[in-house]
Amino acid sequence: MLVNNFDVKKSNKILNNNDIQFKDEYELKKSPFLNNNTQFSEEYFPKRPALDLTFKNIRYAVNTWHKLKLVKKEILHGVNGEFRSGELTAIMGPSGAGKSTLLNILAGYIQTGSSGSVLVNGEDRRISGIDRFLKLSCYIQQDDALRSLLTVQESMLVAAHLKLGLQVPLYKKQGQIQELLEMLGLSKHTHTVTKRLSGGQKKRLSIALELITNPPIIFLDEPTTGLDSLSCSQCVQLLKNLASQGRTVVCTIHQPSALVFEKFDHLYAVTTGRCIYQGPINALVPYFSQFDLNCPPYHNPADFLIEVAIGEYEADKDKLTSAASCLGRNTFTSAIIGSQRSKYRKHCPTLSSDEIVEYNKCQPKGPPTILQAYYLFGRNIKSLRRNKSQFILRIFAHLVIAIIFGYLYEGVGNNAYKVLANGVFLYGSNLFLIYTGQMAVVLSFPLEFQMLKREHFNRWYSLFPYLISILLIEIPFQIACCITYLLPAYILTGQSLEPFRLMYFTSILIVTSLTAQSTGFLLGATLPVNISVFIGPVSMVLFSVFGFAIRLADIPITFKWLHYFSFVRSSYQSLLYSVYGLQRDPLPCELNYCHFRYPMKFLTEMDVKDFNMTVEFFYICFICILVYISTSFCIWYRLNKR
Ligand SMILES: Nc1ncnc2c1ncn2[C@@H]1O[C@H](COP(=O)(O)OP(=O)(O)OP(=O)(O)O)[C@@H](O)[C@H]1O
């Protein structure tokens, strides 16, 4: 109220004086979080249907190991409830109670291992397919996996392009973004890079990104975790405003302050996988008093609830659970909230199942695959441009190693006396490019995967264009690194400058490092980082032994297959062949006798005498493609495993 009467001149003066505390207070009061009437304009946002969510007998069990036995552990024991449109619902309970699990099941994020039914406006969502439900909802997870190098405006625009496609003109997308950013108090940070936003602002950006499609159901997992009390209050007020516009907003929350707790309309309390209360917030204390559980005066009801749930008041939890299961919407609790609900519901129509199908048909479709890849590629390029140091450092590292190797092995390429040294140089070069190709993605992909998971689940794009957009960046980058290393190293070590040799040498090293990169993607997509950073190099060292440190004839029969399978062996032998094969003339010898004056002698000793360079080249390409296909499958599986 105070601030609504503020005049702009006065506020500017305050802001110019850098009175930070006052400015924050001013911004908070001025922000639309306190304005319950904030409505999306119909010019930019389509009308949403009102969707009520009912769940019945939800059970969830996982298989876990206990004393070397696989045992079934039930986490949710048949919970029931109803979350209505126009209400902000809090799922609360002690740590490990099953809040996130319940939210994951309701959001459709977990399907395997769960049973029971989830109904949307009375219809089981399995009948129409979970995909239709996912189109109507969004899920904002706890960790804000955002693109840290894009500005708020850029992140929003890419999301708008990907979600709204070509049917919505650019001016509408921009209008929508502006409206959303204003509504969420981010309009002053339009050009701020995401990594510079505060925790609360990041959370609001996560919400804004999903609001582009104006979904009727919003799920949030612990949206206030890590926020200070002011940001926490802002965040919950924002959610309340979103709910008051007719959306169904459900979030899990840890012990909120009394003020924040009051902002919720509906509470769903769980403990050890069972519901102990469902109903309006303000009915909680009177309800518990019926069971002789009296909230002490001046005590935060949210704290009281958790204390009851963890057994501090010696409550009979079985009694609470069975009473809560009867605590449907038909009991006394409905009366408290009924009037306020009808007020909220007027904003959006309640649709029948068929009408929801029609509604979905009218929603803007995402762009075609090629355009999705284009938008994602553009986004990657922007991020790369803002992270030039990483690009320059990687290139520079390759150049420095090339110069050091070139200096250490100077002239070995055209000297019969130094053929063995050249063999070691080729082995080192091969392994160096394998490591750099692999490790860069092993380390970066797990973080990337978090963002992919969030965006893919919320239906921003499909996997294929995403993979294309990543490879269009990573492959040329790896090729650039490779060339930066091999050209100076090749020249400094005095290798033959015959064009066909150089071309073959270059192609082999590029294909090898791309194959190593593909294995990095595979490891990053399937294993935790601490395991993949270990397994990656160890497996490459194992594969590199074949063809270099042991002859085929000396390998025990049980390990022979590793010799043939190893793409590192294939690559190393190809490098030797490119340098010493292809009818190379005898090498210059400075001494009276040089054992490897005739290159074929060396190749014979290295098992590379009868070598088919085309077959080996295509074998490496085949492994590269095979690993990429396997990686795509693993990513697809992880994204769709619910
Ligand atoms: N895949 C799983 N395997 C084994 N146990 C699991 C699995 N998923 C969840 N649990 C267990 O189920 C219980 C509920 O987990 P959940 O994450 O839903 O709790 P929560 O109430 O959200 O806790 P918190 O508030 O601490 O995040 C915990 O004891 C957890 O260890």
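**Helix packing and the ligand shell**

User: Happy to start with a pair of helices: is the crossing of H21 and H23 left-handed or right-handed?
Analyst: A word on the model before the answer: it is predicted, so local features need pLDDT of at least 70 and side-chain atom pairs count only at pLDDT 80 or more, while totals for chains, interfaces and linings use all residues. Residues are numbered from 1 along each chain as its sequence is written. Helices (H or I, at least four residues) and strands (E, at least two) are DSSP runs numbered from the N terminus, and a crossing is left-handed if the near helix is turned anticlockwise from the far one by less than a right angle, right-handed if clockwise. For H21 and H23, the crossing is right-handed.

User: At roughly what angle do the axes of H21 and H23 cross?
Analyst: Axes are lines fitted to C-alpha atoms, for helices over the stretch in contact, and angles run from 0 to 180 degrees between N-to-C directions. Under 35 degrees counts as roughly parallel, over 145 as roughly antiparallel, 65 to 115 as roughly perpendicular and the rest as oblique. H21 and H23 are therefore oblique to each other. The axes of H21 (residues 529–545) and H23 (residues 567–580) come within 7 Å, and they cross at roughly 50°.

User: Which residues of H23 does H21 meet?
Analyst: Two residues are in contact if their C-beta atoms, placed from the backbone, lie within 7 Å. On the H21 side, the contact uses Met-540, Phe-543 and Ser-544. Their partners in H23 are Val-568, Arg-569 and Tyr-572.

User: How far apart are the axes of H6 and H16?
Analyst: H6 (residues 152–164) packs with H16 (residues 369–386) at an angle of about 170°, so the two are roughly antiparallel. H6 passes H16 in a left-handed crossing. Glu-154, Val-158, His-161 and Leu-162 of H6 meet Gln-372, Tyr-375, Arg-379 and Lys-382 of H16. The distance between these axes is 10 Å.

User: Within what distance do the axes of H18 and H19 come?
Analyst: H18 (residues 419–457) and H19 (residues 463–492) cross at roughly 160°, which makes H18 roughly antiparallel to H19. Their crossing is right-handed. The axes come within 11 Å.

User: Now to the ligand: which helix gives the most to the shell around it?
Analyst: A residue is near a molecule if its C-beta atom, placed from the backbone, lies within 6 Å of it. The residues around the ligand include Val-62, Lys-73, Gly-98, Lys-99, Ser-100 and Thr-101. Two or more residues each come from strand E1 (53–66), strand E2 (69–83) and helix H3 (99–107). With three residues, the top contributor is H3.

User: Last one: how far apart are the C-alpha centres of domain 1 and domain 3?
Analyst: An automatic or database domain assignment sets the bounds. The protein is divided into domain 1 (3–30), domain 2 (53–362) and domain 3 (387–640). Between the C-alpha centres of domain 1 and domain 3, the distance is 60 Å.
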